[in-house]
Amino acid sequence: MADSAPSEPNRQQYNRDDDEIDIFDLWHLVLKRKWIVVGFTLLFFVVSVFYALSLPNMYKSTVVLLPAESAQGGGLAGLAGQLGVGGIAALAGVNLGSSGTDKAVEALEILTSWSFIEEFIEEQGIAAKVFAVAGWDQEGNELIYDADVYDSARDVWTREPPKGKEPKPSSWELYQKFKEYLSVTNDSVKGFTNIEIEYYSAEISKKWVDALVFKINQRFKEEDARDAEKNILFLKQQIEETSLTSMQTVFFDLIEDQTKTLMLAEGSNEYVFRTVNEARVQEEKSGPKRALISIFGSILGLAIGCVVTVVRGLRVNSSL
């Protein structure tokens with residue numbers, strides 16, 4: 001009696017077995033065409049090396065900060081809370097201050113804001129340094145500008161602007177570019193704040209870090225000094241208008257504490273942030289990591305070479 005044809009389920013199982021590819025078959029395909037893999041690996045390695053060498057050196061300056069106790073304003077706010085006059089002062093428009101942590105958080109938000117960085121770039125006159133620099137000439141100790149963007153000899157913007165814009169970069173473009181150099185990290189557990197600038201010149205990166213810290217401290221100093229002067233004036237008026245000895249005592253205590261705030265604002269440069277570790281002019285570059293770029297390029301070439309080899313091998317086998 002002749003053997004019967006395999007049933008439908010068995011036929012599907014046979015087809016699945018024929019379509020399955022063993023890992024050893026794939027390895028055999030790669031070994032059989034190993035020169036393709038080697039070629040792709042070498043090609044991507046060479047390209048990645050040239051790419052890594054074309055990247056300019058970058059230097060990072062870091063300053064480590066802590067919220068300054070002089071900026072806390074806690075004495076006045078705490079005293080007002082104990083005496084129960086915080087609500088009265090608030091209704092009258094008197095700013096009794098906030099905690100040092102709150103002020104430091106506010107300062108960090110302002111420091112990374114568009115308006116603050118725009119003002120910083122304008123004050124420092126560094127628009128070209130932010131937007132048009134392509135590298136640093138260590139021998140000549142000077143910046144290298146991209147001639148397609150900015151002509152440093154004539155102080156003229158030469159870039160081909162986007163449609164509807166001028167050759168000179170806009171405030172938003174400068175802000176976006178500056179953020180590529182700036183990094184602000186905050187350790188909420190230990191309270192430390194790191195402000196970093198990574199730039200083509202180690203000297204300029206340190207200069208910008210120091211200028212940013214000085215500017216944010218100066219801003220809060222001036223604001224708190226103005227608030228303290230207004231508060232003192234208001235409290236003196238309240239003393240004249242009240243006949244209650246107990247309230248006059250409260251107002252005198254508040255004036256004393258507000259005077260301390262004013263003195264601290266005028267006498268301290270480290271008003272919001274106290275420097276724990278000053279920025280330094282780095283002698284060693286922070287980037288680019290040329291070895292890692294080359295290794296990654298080689299791995300990418302190896303992976304692409306293996307994929308191309310396997311695909312070609314499968315196509316050849318399927319055509320037979």
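Predicted model: local features only at pLDDT ≥ 70, side-chain atom pairs only at ≥ 80, totals over all residues.
User: Hi! What percentage of the 320 residues of the protein count as buried?
Analyst: Of the 320 residues, 34% count as buried. Buried means under 20% relative accessible area, exposed means over 50%, and partly exposed lies in between, using a 1.4 Å probe and protein chains only. Residues are numbered from 1 along each chain as its sequence is written, and side-chain values use heavy atoms, with hydrogens and water left out.

User: OK, and what does the pLDDT average for the protein?
Analyst: The average is 81, and 81% of the residues score at least 70. pLDDT is the predictor's confidence in each residue, from 0 to 100.

User: Where does pLDDT stay under 50?
Analyst: Residues 11-19 are one such stretch, and the model has 2 contacts for them beyond four places in sequence. Residues 70-88 also stay under 50, with 36 contacts beyond four places in sequence. A contact here means heavy atoms within 4.5 Å.

User: How many helices and strands does the protein have?
Analyst: The secondary structure comes to 12 helices and 8 strands. Helices (H or I, at least four residues) and strands (E, at least two) are DSSP runs, numbered from the N terminus.

User: And what share of the contacts with a separation of 6 or more comes from residues 24 or more positions apart?
Analyst: Those residues account for 74% of such contacts.

User: Let's look at some helices. At what angle do α7 and α9 pack?
Analyst: Helix α7 (residues 114-124) and helix α9 (residues 171-181) pack at about 95 degrees, with their axes 9 Å apart. That makes α7 roughly perpendicular to α9. Axes are lines fitted to C-alpha atoms, for helices over the stretch in contact, and angles run from 0 to 180 degrees between N-to-C directions. Angles under 35 degrees count as roughly parallel, over 145 as roughly antiparallel, 65 to 115 as roughly perpendicular and the rest as oblique.

User: Which residues make the contact?
Analyst: From α7 come W114, I117, E118, F120 and I121, and from α9 come S171, W172, L174, Y175, F178 and K179. They divide into 8 nonpolar, 1 polar and 2 charged. In this scheme Ala, Val, Leu, Ile, Met, Phe, Trp, Tyr, Cys and Pro count as nonpolar, Asp, Glu, Lys and Arg as charged, and the others, Gly among them, as polar.

User: Which residues in α9 are buried?
Analyst: E173, L174, Y175, F178 and Y181 are buried. What covers the buried residues of α9 includes α7, α8 (127-131), β6 (182-186), β7 (193-199) and α10.

User: How does α7 pack with α10, then?
Analyst: α7 and α10 pack at an angle of about 115 degrees, with their axes 11 Å apart. The crossing of α7 with α10 is right-handed. A crossing is left-handed if the near helix is turned anticlockwise from the far one by less than a right angle, and right-handed if clockwise. The α7 side of this contact has F116, E119, F120, E123 and Q124, while the α10 side has K207, W208, A211, L212, K215, I216 and R219. By class, there are 6 nonpolar, 1 polar and 5 charged residues.

User: What about α10 and α11?
Analyst: Helix α10 (residues 202-241) and α11 pack at about 160 degrees, with their axes 9 Å apart. They are therefore roughly antiparallel to each other, and their crossing is left-handed. Among the residues that meet are A225, I232 and L235 in α10 and F251, I255 and L262 in α11. The contact has 11 nonpolar, 5 polar and 5 charged residues.

User: I clicked on E256. Where is E256?
Analyst: E256 is in helix α11 (residues 245-267). E256 is partly exposed, with a relative accessible area of 47%. The C-alpha atoms of E256 and I232 are 8.8 Å apart in space, with the two residues 24 apart in sequence.

User: New topic: which residues does the cis peptide bond join?
Analyst: The cis bond joins G287 and P288, with omega about 0 degrees. P288 is in the loop between β8 (273-277) and α12 (290-319).

User: Last one: what is the phi of N141?
Analyst: N141 has a positive phi of about 55 degrees although N141 is not a glycine. N141 sits in the loop between β2 (133-137) and β3 (142-145), and is partly exposed at 44% relative accessible area.
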